[in-house]
Amino acid sequence: MKTEKIFTTSAFKLSLLYMCLFLFSVLLIFSFIYWSMNSFMQRQTEATIAAEIQGLQEQYKILGLPGLVAIIQERSRQKSKGIYLLTDWNTRPLAGNISSWPGQKISDSGWLAFSLYSKQINALARAFTLKEQLHLLVGRNIEDQLQTKSLLLKSMSWAIGATLVLGLVGGVFMSRALLRRLEKINKSISAVRQGNISQRLPLTGSSWQRDELDQLTININDMLEQIEYLISSIRQVGDNIAHDLRTPLGRLRSRLEQYLNESNARQHTEILAQSLTEIDNILHTFNSILQISRAEAGVQRKNFTHLDLKPIIQNMFEFYLPLAEDKNIDLNLKMSPQLPVMGEANLINQALSNILENAIKYTPIQGQIKLTAYKTKNSCCLQVADSGPGIPDQFKDKVLQRFYRLEHSRNQPGNGLGLSLVEAMAKLHQGQLELQDNDPGLIVRLYLPSAKILNPEGIREA
Amino acid sequence: MRILIIEDDKETAAFIAKGLQESGFGADQVHDGKQGLVLALDRKYEVIILDRMLPGLDGLTILKSIRAVGVLTPVLILSALGEVDDRVQGLKAGGDDYLVKPYSFAELLARIQALLRRKQDNKTDTTLSLNGLSLDLLTRKVSRDGQNIDLQPKEFSLLELMLRHKGQVVTRTMILEKVWDYAFDPQTNVVDVHISRLRQKIDKEFDTKLLHTIRGAGYSLREN
């Protein structure tokens with residue numbers, strides 16, 4: 001696994017993005033905390049100093065200058081954070097706990113910040129001038145406050161640094177995990193492309209742990225399933241063509257060979273006519289196989305349109321009515337008012353034709369064929385029920401296979417592809433073909449999913 | 001009457017040409033698309049038979065070029081591609097008829113005759129008739145020698161088709177396409193049965209039989 005790959009994965013980019021957003025929010029919060037703390041401490045100090053000054057003022061008022069000096073001396077003696085300095089008009093110290101007036105400029109508000117003993121102690125103080133031209137400085141040692149602040153800053157920096165590192169590391173790990181899963185999928189697909197079509201991709205864990213990658217894997221597996229089925233269908237078609245077309249081709253060849261050896265001219269015409277018929281049969285079989293394969297590949301789906309089955313079925317009924325009447329078969333039709341589907345008219349016609357032709361072919365003289373079309377919850381169903389010999393249960397699946405003919409119908413015309421085509425066509429339309437006993441006879445049901453259509457008023461109805 | 005055959009398989013082209021000549025047409029064959037285009041634009045033909053898959057220039061491209069310069073010669077497309085989609089494409093490109101290979105020569109001939117007839121067809125005729133048999137397109141009434149004949153809708157359409165092509169051969173495939181709009185080949189002789197029914201109604205009680213079966217080809221509505 002190449003390292004550059006990790007940094008280009010979407011997982012890494014995403015975790016990078018999350019980390020930046022998180023960092024930004026954290027910075028915002030930290031700044032706020034720092035600023036709040038800073039102003040709180042500042043205000044506290046100022047308040048304390050103000051209180052001190054207040055106290056000193058009272059003393060000065062009551063006891064005058066000596067009283068002030070006394071209290072300053074007393075407070076200086078205490079080991080508190082207070083800073084006091086009383087000087088004369090020449091800034092010569094009179095009382096207090098610092099040695100000299102700080103050099104800093106006094107701001108307009110009277111406040112100043114200064115440091116003592118070569119910056120080892122930081123202080124904040126207020127300076128004023130008393131009416132005897134004495135200077136008074138009252139302040140507080142804010143060294144511990146400054147230390148607290150720098151500690152806070154240090155921890156915040158460490159926190160941000162750690163977030164950065166953890167974020168990057170986390171991102172790398174997540175990407176690696178994702179890359180590993182994708183590599184597995186890619187490897188499996190490579191194996192499939194090399195010919196091992198039965199390989200399936202692995203899924204992670206149990207069903208409640210399924211995520212989007214698993215869903216993708218499931219979809220790919222389904223696709224592989226379908227490809228495998230199509231490939232085996234193609235193989236099967238090849239086998240069937242080889243097996244079942246060799247027979248009529250062989251017959252044709254024999255006939256033409258016979259023609260060459262036949263000296264009777266009248267026989268010639270006979271043989272040639274039969275050969276031509278044989279060729280037409282073979283061509284018809286070819287066409288059916290092609291149709292079935294195309295239907296199974298799903299090629300025509302892109303040309304599907306909205307159709308109403310009613311006129312289609314009506315036409316087909318009228319088409320085959322004379323044929324049925326010739327055999328004295330009672331063919332009747334009953335349809336629901338609206339039968340909307342999505343599909344291709346030509347394919348549906350072909351399928352209906354196959355079903356009806358089978359019914360007419362196998363129903364004996366004076367039999368009955370009932371054609372009904374109705375709607376179920378989600379589909380339109382076309383049902384053809386005949387009174388012929390029917391199909392025994394054990395063969396109901398087999399007759400849908402290509403080229404399958406039941407024993408008793410081997411002598412009837414037909415190539416055994418009729419029902420295979422109907423089934424392929426049903427599947428193409430995402431419908432279904434059902435065979436059921438009619439006792440006596442066979443019921444063929446073709447289900448096609450309903451489509452929503454607009455009636456003349458433009459109202460949609462299902 | 002000359003017919004142009006644009007078909008790359010020499011044997012097929014020769015076969016068609018021979019058949020056409022035997023039926024009274026003159027035929028020119030070319031085996032290349034570009035040559036075909038040149039000839040189609042240069043000379044006057046009654047019908048052009050065009051194979052879809054050609055070396056040099058694809059059949060449909062030639063067709064579109066011909067139509068683009070205003071050549072209205074009827075074109076019959078021959079193709080191994082037989083899907084509904086292919087058919088629609090061919091007709092949209094300007095073709096007048098579409099025949100899927102392999103076909104019988106009788107089919108080809110019948111369709112050529114139909115194309116030639118179509119040219120002369122007067123589209124504003126409201127009545128079609130032959131020898132006492134009369135079909136009114138507006139009132140949907142049919143009569144023969146004054147006697148009214150009752151026809152089902154599809155029987156009417158079938159008779160209309162036969163009358164429009166009176167004297168010519170109409171094949172089963174043509175009937176399936178034009179009367180029923182079916183593009184598949186039923187395995188049973190359904191069309192024959194429909195013709196029989198029609199024959200019962202329009203011919204049975206009359207002396208002159210008009211609806212004939214032409215062996216190996218189809219049917220024809222004619223006097224002899």
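Predicted model: local features only at pLDDT ≥ 70, side-chain atom pairs only at ≥ 80, totals over all residues.
**Exercise 1. Describe the interface between chain B and chain A.**

Solution. Step 1. Count the residues in contact (heavy atoms within 4.5 Å): 19 from chain B and 23 from chain A.

Step 1. Take the area. The size of an interface is often given as the accessible area lost when the parts come together. Here the buried area (1.4 Å probe, summed over both parts) is about 2000 Å², and carbon and sulfur atoms give 57% of that. On the side of chain B, B:Glu83, B:Tyr182 and B:Phe184 lose the most area to chain A, together 29% of what that side buries.

Step 2. Count the salt bridges, each a side-chain nitrogen of Lys or Arg within 4 Å of a carboxyl oxygen of Asp or Glu. There are two between chain B and chain A.

Step 3. Identify the pairs. B:Arg197 meets A:Glu325 at 2.5 Å, N to O, and B:Arg197 also meets A:Asp326 at 3.3 Å, N to O. A:Asp326 lies in helix H6 (residues 309–326) of chain A and B:Arg197 in helix H8 of chain B, so this pair joins two chains. A:Asp326 is exposed at 52% relative accessibility, whereas B:Arg197 is partly exposed at 22%.

**Exercise 2. Where in chain B do B:Asp51 and B:Lys101 lie, and is B:Asp51 buried or exposed?**

Solution. Step 1. The two side chains form a salt bridge, 3.5 Å from N to O.

Step 1. B:Asp51 sits in strand E3 (residues 47–51), and B:Lys101 in the loop between strand E5 (97–100) and helix H5 (105–120); the two are 50 residues apart, so the pair links distant parts of the chain.

Step 2. B:Asp51 is buried, at 2% relative accessibility, while B:Lys101 is partly exposed at 29%.

Step 3. Elsewhere in chain B, a network of salt bridges links B:Arg87, B:Asp97, B:Glu107, B:Arg111 and B:Glu177.

**Exercise 3. Which residues make the nonpolar surface patch of about 490 Å²?**

Solution. Step 1. Apply the criteria: over 30% relative accessible area, no salt bridge, and nonpolar side chains (Val, Leu, Ile, Met, Phe, Trp, Tyr) joined within 5 Å.

Step 1. The members are A:Leu16, A:Leu164, A:Val165, A:Leu168, A:Val169 and A:Phe173.

Step 2. Assign them to elements. Helix H3 (residues 143–193) of chain A gives the largest share, five residues. A:Leu16 is placed in helix H2 (residues 10–77) of chain A.

Step 3. Check A:Leu16: its relative accessibility is 32%, so A:Leu16 counts as partly exposed.

Definitions and conventions: Residues numbered from 1 in each chain as written. Chains lettered and ligands numbered in written order. Heavy atoms only, no water. Patch = residues over 30% accessible without salt bridge, like charges linked within 9 Å, V, L, I, M, F, W, Y side chains within 5 Å. Areas by Shrake-Rupley, 256 points an atom, 1.4 Å probe, with all protein chains shown as cover. Helix = DSSP H or I, 4+ residues; strand = E, 2+ residues; numbered from the N terminus. Buried < 20%, exposed > 50% of the residue type's maximum accessible area, 1.4 Å probe, protein only. Buried area = accessible area lost by both parts, 1.4 Å probe.
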